Amino acid sequence: MADIMTYNDIEATAARIGIDLSQLDLDSIRLPAGEDFGIISDDEDIYNVDNSELDAGFSNIIVVDNLPVVPLEKFEKLENVIRKIYSQIGVIKDDGFWMPLDPETNKTLGYCFLEFNTPQEAELAKERTHGYKLDRSHIFVVNMFNDFDRFMCVPDQWAPPESKPYTPGENLQQWLTDEKARDQLVIRYGADTEVLWNDARHLKPEPFYKRTFWTESFVQWSPLGTYLATVHRQGAAVWGGASTFNRLMRYAHSQVRLIDFSPGEKYLVTYSSHEPSNPRDANRVVINIFDVRTGKVMRDFKGSPDDFATGGAGGVAGVSWPVFKWAGGKDDKYFARMGKNVISVYETETFSLVDKKSMKVENVMDFSWSPTDPILALFVPELGGGNQPARVSLVQIPAKEELRQKNLFSVSDCKMYWQSNGEYLAVKVDRYTKTKKSTYTGFELFRIKERDIPIEVLELENKNDKIIAFAWEPKGHRFAVIHCDNTNANNNPRPDISFYSMRSAHNTGRVSKLTTLKGKQANALYWSPTGHFIILAGLKGFNGQLEFYNVDELETMATAEHFMATDIEWDPTGRYVATAVTSVHEMENGFNIWTFNGKLLYRILKDHFFQFLWRPRPPSFLTPEKEEEIAKNLKKYSKKYEAEDQDVSIFLSEQDREKRRMLKEEWEKWVAQWKQKHEEEKEVRKNLRDGEASDEEEEYEAKAIEVEEVINQVEEVVAFEE
Amino acid sequence: MRPILMKGHERPLTFLKYNRDGDLLFSCAKDHNPTVWFADNGERLGTYRGHNGAVWCCDVSRDSARLITGSADQTAKLWNVQTGQQLFTFNFDSPARAVDFSVGDKLAVITTDPFMDVTSAIHVKRIASEPEDQVGESALILKGPQGRINRAVWGPLNRTIISAGEDAVIRIWDSETGKLLKENDPEVGHKKTITSLAKSVDGSHFLTGSLDKSAKLWDTRTLTLIKTYVTERPVNAVAMSPLCDHVVLGGGQDASMVTTTDHRSGKFEAKFYDKILQEEIGGVKGHFGPINALAFNPDGKSFSSGGEDGYVRLHHFDSDYFNIKI
């Protein structure tokens with residue numbers, strides 16, 4: 001990227017050799033075939049990775065070793081056996097079978113070559129039949145033909161790897177040191193992707209970095225905000241840097257569809273699904289886990305979507321993302337996925353299964369990690385028509401020891417919600433009523449951090465109420481529930497919202513209701529990331545109603561509307577909140593920025609608006625004691641910022657006034673010029689109008705004239721009563 | 001401000017024009033009958049019958065004696081304003097769109113649409129003072145711009161013609177020789193079809209509205225961009241107050257999209273902007289459908305809007321309006 005000519009250079013060169021650039025049709029220039037004048041395409045090296053295989057042309061050939069050595073008479077029989085095995089996996093090319101003979105003995109040599117239609121099939125065949133037992137003494141050893149070359153190249157002598165000199169990288173956390181403590185955000189609209197500062201004081205965003213065609217499908221911040229990931233056809237890339245966005249690493253994974261970072265952003269999981277060459281076959285799913293910093297593939301998983309589909313009973317189509325769920329915490333130590341009747345837990349030291357085997361859990365339906373600890377919560381539905389109850393259990397990893405289990409009866413569905421500190425787990429349980437015709441909902445509340453993990457049952461006051469949304473207060477002990485009477489849901493589109501606390505002042509061990517707000521136009525809950533405040537939002541059907549609610553004081557701070565809003569995102573500090581209308585519908589695409597208490601700061605309109613994401617911040621290094629101290633002495637700290645705020649607002653209004661004055665002056669100049677020209681042309685105009693001198697150019701004047709009219713005057717004597 | 005709802009047209013409105021005295025309002029619509037109304041109380045005076053297609057544009061002479069209309073029936077017609085009598089018909093090979101009388105009313109500019117093999121064109125016609133002397137020949141024909149020419153108006157002293165249309169370029173032509181004098185700077189110009197153009201009273205500057213969701217103010221003589229007004233929806237119609245430093249923009253989403261979304265999302269409001277500061281100062285709601293036409297009364301005390309819904313809404317400003325301070 002270093003020796004790119006700037007446009008100015010080009011213009012200078014053109015002027016020197018006498019070419020008029022404006023006359024030049026750039027599209028008409030054809031480079032000689034194979035010549036690129038040293039201009040390296042950005043994507044070349046990714047292509048190279050793929051092409052090297054295709055060029056060799058042998059990537060669809062496998063070598064099967066350890067076959068029986070047979071004389072010529074049995075050649076055909078063996079060929080049939082091998083063909084039968086491999087034709088189940090893929091299509092062998094017409095003359096794609098070759099089993100060489102020893103010219104001396106006229107016997108086979110114990111290996112053969114198979115050429116498939118596609119490299120994918122070859123790879124699949126290798127995976128499936130490596131270690132295939134033809135009989136006791138003939139266990140297949142299958143290799144890719146291309147690998148042979150590679151293995152041959154390995155030198156016999158080990159040479160120590162060259163150690164590269166250390167070059168200090170950029171400070172990838174530079175944005176956190178912003179003097180005004182602003183947050184960054186990324187937006188994607190049309191073909192452009194732009195990173196902006198949210199400059200709330202100046203009531204506008206400040207551009208930071210912009211690039212057209214930065215990504216081919218979407219962008220994503222890493223969970224701690226260090227990287228911005230872009231997704232392309234050839235793979236994914238991460239970007240970051242101190243003063244701009246440089247590409248830090250690329251991850252080749254052709255046709256990648258989905259990506260997911262581990263919570264400590266050490267690893268990146270990429271997912272793709274390929275159409276098979278044989279339409280009867282299922283799609284082929286490839287999942288790679290990369291080390292974010294080195295770009296190395298740590299482990300890959302391949303198979304059909306069924307292998308990765310979640311849901312114990314099977315029959316669930318498609319893959320639910322993320323397939324691999326990461327255990328909480330910054331260490332990125334464990335990740336797990338659910339298969340049929342098993343939970344496979346891997347650890348990242350070796351990228352293999354913990355204890356070398358998966359956990360057997362019959363019919364497991366759902367699982368989730370605690371956001372902070374290596375604890376898994378599992379849900380297993382009812383079995384055998386109710387003979388075996390459904391259960392929710394908590395399992396400690398890596399010991400795989402069950403910490404707590406709760407059996408539940410006549411359950412139709414279960415959903416698990418962890419509080420962000422991993423202190424509480426709420427399990428929403430839908431149970432059948434006695435008639436089995438309808439369901440009602442209750443909550444099982446686990447207190448993870450307390451001794452023996454006590455469980456409490458919470459039921460709504462009105463049993464018919466259906467739960468529309470549930471949300472824990474981040475880092476807090478409260479939660480909010482939107483519920484609505486099921487029986488007359490159609491007549492009553494205004495649901496109620498209730499707030500509960502896991503420990504109220506006088507009762508620390510029990511859940512208690514704080515309040516219920518009746519008849520709200522809301523269907524989604526958005527807690528501030530620091531708690532205390534919540535937005536009760538009516539998206540979709542409710543056209544973007546917003547209510548900013550203070551849960552400490554139990555009062556509404558503001559109500560507002562962002563018409564047709566589709567997304568709501570709190571900034572990581574909980575100071576500002578963005579509401580956005582993304583490109584699901586045509587009109588009014590763009591975003592609004594509000595303060596936490598519902599004051600609209602500014603709005604930006606962008607056509608074809610696709611994404612809005614705040615840049616996450618890593619957790620604070622301050623100890624809880626220090627944070628408490630700051631909260632206590634907030635006045636002292638805030639003084640400085642208030643003064644700054646005031647300066648800015650004075651500056652702004654000054655600037656505004658100045659700008660207006662300039663505009664007015666500029667306008668006056670135009671008007672004076674026009675008046676003069678108009679005067680000059682007066683005579684000509686008069687002639688054009690056949691001498692009609694009515695050029696008193698209609699000087700209307702607005703006058704407020706007050707006319708008072710006495711319509712009626714009545715005098716009457718009003719009786720005065722004691 | 002209680003608007004007067006004027007229902008006379010059966011199809012979407014296309015154009016509105018006040019006469020110089022501001023007592024008459026002429027309206028064109030996709031039904032075939034241009035209509036004249038009292039500009040004060042909205043009473044219908046009469047219609048001009050004779051066109052056989054949508055009427056796109058009209059202009060009235062300074063003395064309010066003649067009306068010229070351009071129609072999709074491939075004609076432009078001259079009318080006697082008072083009697084409604086057809087005086088003359090200009091025939092073309094394709095639909096006529098914009099019409100404009102020159103200063104002195106001795107010339108008229110008429111644009112025609114591209115149609116089959118015929119390209120779009122700007123015609124200059126001489127207008128005889130006596131109807132019986134009127135001839136159909138064009139004094140000048142200008143060709144060149146791609147696509148429809150939505151508006152063509154006379155420049156100062158009839159020396160130039162300003163045109164704008166589908167190719168989003170504003171052009172100034174010499175009205176004598178037909179030479180192209182100027183095109184606007186594409187850097188700052190509109191990005192999509194220019195739908196409307198309104199001159200200031202003295203003709204020194206004009207305002208263009210475009211589907212790129214903006215309106216721009218230009219100097220007529222130099223074609224310098226002076227102001228840009230950014231809005232949230234495609235602009236179909238623009239008007240400038242002759243009295244205050246205000247401009248009005250009207251528009252909305254495509255008619256085909258209207259039924260699929262809430263009426264609020266369409267934004268069928270007439271939006272008022274401060275002409276100098278380029279800031280929005282207010283809006284007038286009412287139409288159920290995009291606004292296609294806007295016109296200010298020459299006295300600046302009332303304005304009217306015509307919508308896709310077939311209504312003309314006549315608004316007399318409250319006294320508060322004249323005291324707006326921002």
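Start by selecting strand 37 (residues 545-550) of chain A: six bridges tie it to strand 38 of chain A, and the two run antiparallel. Strands here are DSSP E runs of at least two residues, helices are H or I runs of at least four, and both are numbered from the N terminus; two strands pair if DSSP finds at least two bridges between them. Within this pairing, click on E547(A), which sits opposite T559(A) of strand 38 of chain A.

A word on the ground rules: this is a predicted model, with local features needing pLDDT of at least 70, side-chain atom pairs counting only at pLDDT 80 or more, and totals for chains, interfaces and linings using all residues. Residues are numbered from 1 along each chain as its sequence is written, chains are lettered from A and ligands numbered from 1 in the order written, and side-chain values use heavy atoms, leaving out hydrogens and water.

Now widen the selection to the open, antiparallel sheet of four strands in chain A, ordered 35-36-37-38. Its edges are strand 35 (524-527) and strand 38 (555-561) of chain A, each pairing on one side only.

Next, grab helix 8 (residues 634-680) of chain A.

Which residues of helix 8 of chain A are buried? Show V648(A), L652(A), L663(A), W667(A), W670(A), W674(A) and H678(A); buried means under 20% relative accessible area with a 1.4 Å probe, protein chains only. They pack against helix 9 (682-688) of chain A, along with strand 19 (205-210), strand 20 (214-219) and strand 21 (225-230) of chain B, where contact means heavy atoms within 4.5 Å.

Technical notes
Buried means under 20% relative accessible area, exposed over 50%, partly exposed in between (1.4 Å probe, protein chains only).
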